[in-house]
Amino acid sequence: MLRTLQCALLVSACLCAVPIFAQDDPAAPSPEEKQLLDLTNDARADQGLGILKWDPALAAAAAKHNQRMRGQPELSHQYPGEEALTDRAAHAGAHFSSIAENIAMGPSPNAIEREWLQSVPHRANIFDPRMDSIGISVVRRGGDLYATEDFSHTVASVSPGQVESQVAALLQKQNLAVSTDPAYVRDARETCEMNTGSAGGTKPLFIMRWESSAMDQLPPQLTQQTATGKFKSAAVGSCTSARPQQGFTSYRVAVLLY
């Protein structure tokens, strides 16, 4: 049995101790971390869920918290003066649309995983179908193992130009010609920064702005418009997120139809 087990954390939106893994190499899980990773993925597979891939950024965020946690009298997701999970993961280099964390202290990886699976909030994080990535830290203090397990739904980090190319490809599948004329591209990018109306003098017939963590599909309203056959061409512009949140990654784009 675990002697201490604390709460799980979901956002969608640590005295002298001997570490048992290479603290400066989160890309390579220790045997104990690998054991927890395998146990977690085995549990997910039993539920028909996808396997979580190892994320060095999440592992670094977990390690930073674990080092602090093992020096404290009680387990917690955030100690005074410490960054919140979202900031800690973002500063480690993670990009995500949702993030969660399990923490525990116990005698072995098997005991920790067993207790997580018997705890409703911890189990919910392990079986969250949105999550696709994981980073784990395990350190020892005396006879106890301290474990921090960070989950996320990872968002690819792409440039504004890549966002524009992805959206342009989707529009081309709708039989629209996507303009590369600098004036049209400039108008689309400046329009992206606006809340209403359009920039420049190209006078689009329809304007669509949206923000998402993935540019793999067009908004339904835009698809409906392109299906009317009234429009022959489009311009695409990407800009800075209108709702920036540390760590939470999303992309803002405007499409002008002509």
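User: Which strand does alanine 100 lie in?
Analyst: Alanine 100 is in strand 3, residues 96-106. Keep in mind that this is a predicted model.

User: Is alanine 100 buried or exposed?
Analyst: Alanine 100 is buried, as its relative accessible area is 0%.

User: And how far apart are alanine 100 and phenylalanine 151 in space?
Analyst: Their C-alpha atoms are 5.1 Å apart, although 51 residues separate alanine 100 and phenylalanine 151 in sequence.

User: Okay, new topic: disulfides. How many are there?
Analyst: The count is one disulfide. Cysteine 192 and cysteine 239 form it, with 2.0 Å between their sulfur atoms.

User: What does that link tie together?
Analyst: Cysteine 192 belongs to helix 7 (residues 182-192) and cysteine 239 to strand 8 (residues 233-239), so the bond joins parts that are 47 residues apart in sequence.

User: Which hand does the link have?
Analyst: The link of cysteine 192 and cysteine 239 is left-handed, with -70 degrees about the S-S bond. Both cysteine 192 and cysteine 239 are buried.

User: Now the inside. Which residues have the most contacts within the largest nonpolar core?
Analyst: Those are Val167, Leu171, Trp210, Leu222, Val255 and Leu257, in a core of 21 residues. The elements giving two or more residues to this core are helix 6 (160-172), strand 7 (206-212), strand 8 and strand 9 (251-257).

User: Which of them gives the most?
Analyst: Helix 6 does, with five residues in this core.

User: What is leucine 257 in contact with, neighbours within four places in sequence aside?
Analyst: Its contacts include Leu176, Pro204, Phe206, Leu222, Phe231 and Ala234.

User: What about the second core?
Analyst: That one is separate and has 19 residues, including Ala59, Ala104, Ile134 and Phe151.

User: Last topic, helix packing. At what angle do helix 1 and helix 4 pack?
Analyst: Helix 1 (residues 31-46) and helix 4 (residues 109-118) pack at about 35 degrees, and their axes are 9 Å apart. The crossing of helix 1 and helix 4 is right-handed.

User: Which residues make that contact?
Analyst: From helix 1 there are Glu32, Gln35, Leu36, Leu39, Thr40 and Ala43, and from helix 4 Pro109, Asn110, Ile112, Glu113, Trp116 and Leu117.

User: How do the residues of that contact divide by type?
Analyst: Between helix 1 and helix 4, seven are nonpolar, three polar and two charged.

Conventions. Residues are numbered from 1 along each chain as its sequence is written. This is a predicted model: local features need pLDDT of at least 70, side-chain atom pairs count only at pLDDT 80 or more; totals for chains, interfaces and linings use all residues. Side-chain values use heavy atoms; hydrogens and water are left out. A disulfide is a pair of cysteine sulfur atoms within 2.5 Å. Helices (H or I, at least four residues) and strands (E, at least two) are DSSP runs, numbered from the N terminus. Buried means under 20% relative accessible area, exposed over 50%, partly exposed in between (1.4 Å probe, protein chains only). A nonpolar core is a set of buried Ala, Val, Leu, Ile, Met, Phe, Trp, Tyr and Cys residues joined through side-chain atoms within 4.5 Å. Contact means heavy atoms within 4.5 Å. Axes are lines fitted to C-alpha atoms, for helices over the stretch in contact, and angles run from 0 to 180 degrees between N-to-C directions. A crossing is left-handed if the near helix is turned anticlockwise from the far one by less than a right angle, and right-handed if clockwise. Ala, Val, Leu, Ile, Met, Phe, Trp, Tyr, Cys and Pro count as nonpolar, Asp, Glu, Lys and Arg as charged, and the others, Gly among them, as polar.
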